[in-house]
Amino acid sequence: GRVVLGDTGVVSGAEVFVQNDLGLSDAKIQVVVSVTVLFAAVGSALAGAPLQARGRKPVIMVASCFYCVGSLTVAAARGFGELVAGRVVLGLGVGLSSMAIPVYVAEASPAELRGRLVSCYNLFIVLGQAAACGVNIVCGTYLGTSSRWRVSMGVAAAPAFLQLVGFFYLPESPRWLAQTGDVDGAARVLETLRGRAASSETIERDLQQLRAMEPEDVGDCAQGLSEVRRTPHLRATFGLGLGLMALQQFSGVNTIMYYGAAILIMCGFEEKDSVALTAVLALAQGLGIVVSLPLWERCGRRRLLIPSALAAAAAMACVALAFWAGIDTYKYVGLLGVVTYLVGFGLGLSSGPWVVNAEIYPTRLRGLGQASACTANWAANYVVAACVEIKPVRWVHPIILHEVISRR
């Protein structure tokens, strides 16, 4: 499901072509990029109630439909208004999907594999970004000015359609079924998901946990909010989840993923090389995630998150120094700093907030908790995306906070 969210990879390489083809100003291309993030926050906020009342599977399928429609609308856009409309629909799909899929994966996974599988969720967005960069390179090489960005945007509907079809054959979350009182249905789903490879002891342990769950009202978000306000430990839990999501975005990763090609052009690389190098940026983050996969259960969440944040901050400080000393001379130092930042980010900050948020909320509040966390994530993401001007560059980065004066 996370491959669907590789839209950031498409935008990073295609926004240069969109701007040139449609004659958009820097302010308008900034709106095109950031409006998806804004409506992803809206989609996340609106999805809490249906996630709790209707289940995880229907929300994911609706998100896939939004994504298909949005991608095709963007591909067919003839002007700024249609482009923004398509990006708005895309944002709603992204918000729904980014909220529902981690919950579904966490609730369907064995406890001993939960951290690794939720981390794979982030690995696949990186693979989606890398694949999107590959599509951008092929389209930029073989297609004309207008066709290359339209095809790359339209192709994004393909993984969303595959996800939609696939979920017709996938079951609902067993924990959600048990929470709504359908323990027998949850047991059947659990036996199907665990399969023959799982030991009978493992299946029996999970079944006992499901049978021990008492049915509760999982659809009343107002009651859930009231409970959170009244209960100190729930307030602390929600504060932790939302704080981690905000930290992930204020570290600035999506500044690089959205505007990767433009930033590399600032560094002195040619336009064609910059689009190709955006794939390297995506793969750098993927490398960090792959290294972290076996460590989530072995080292725990905290021991990966803290070093990851420190490494990312140190790498961004190096990038700031490269700009300060003269990026024309030190462009490869800047590139190395960005790549190092993404590897460090991938080691913990990329997956950690999603892993933690998928685990810390009670099942009856998981939809509300995940909706709140995703809304915080996308709202912080929007603030970061909206703080970036491309040309002339006054790059306000949450860590660098350094003004870069571009060549005029």
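What percentage of the 408 residues in the protein chain is made up by buried residues? The share is 55%, where buried denotes under 20% relative accessible area, exposed over 50%, and partly exposed in between (1.4 Å probe, protein chains only). The model is predicted, so local features need pLDDT of at least 70 and side-chain atom pairs count only at pLDDT 80 or more, while totals for chains, interfaces and linings use all residues. Residues are numbered from 1 along each chain as its sequence is written, and side-chain values use heavy atoms, with hydrogens and water left out.

The secondary structure of the protein chain amounts to 20 helices and zero strands; these are DSSP runs numbered from the N terminus (helices H or I, at least four residues; strands E, at least two). Of the contacts (heavy atoms within 4.5 Å) between residues at least 6 apart in sequence, 80% join residues at least 24 apart. The chain exposes about 16600 Å², and carbon and sulfur atoms supply 64% of that area, by the Shrake-Rupley method with a 1.4 Å probe; for residues, only the protein chains shown count as cover.

Buried positions in helix 18 include G334, L335, Y341 and F345.

As for the cysteines, a disulfide is a pair of cysteine sulfur atoms within 2.5 Å, and the count comes to zero. C65 is in no disulfide, the nearest cysteine sulfur, that of C68, being 6.6 Å away. C65 counts as partly exposed because its relative accessibility is 38%, whereas C374 is buried, with a relative accessible area of 0%.
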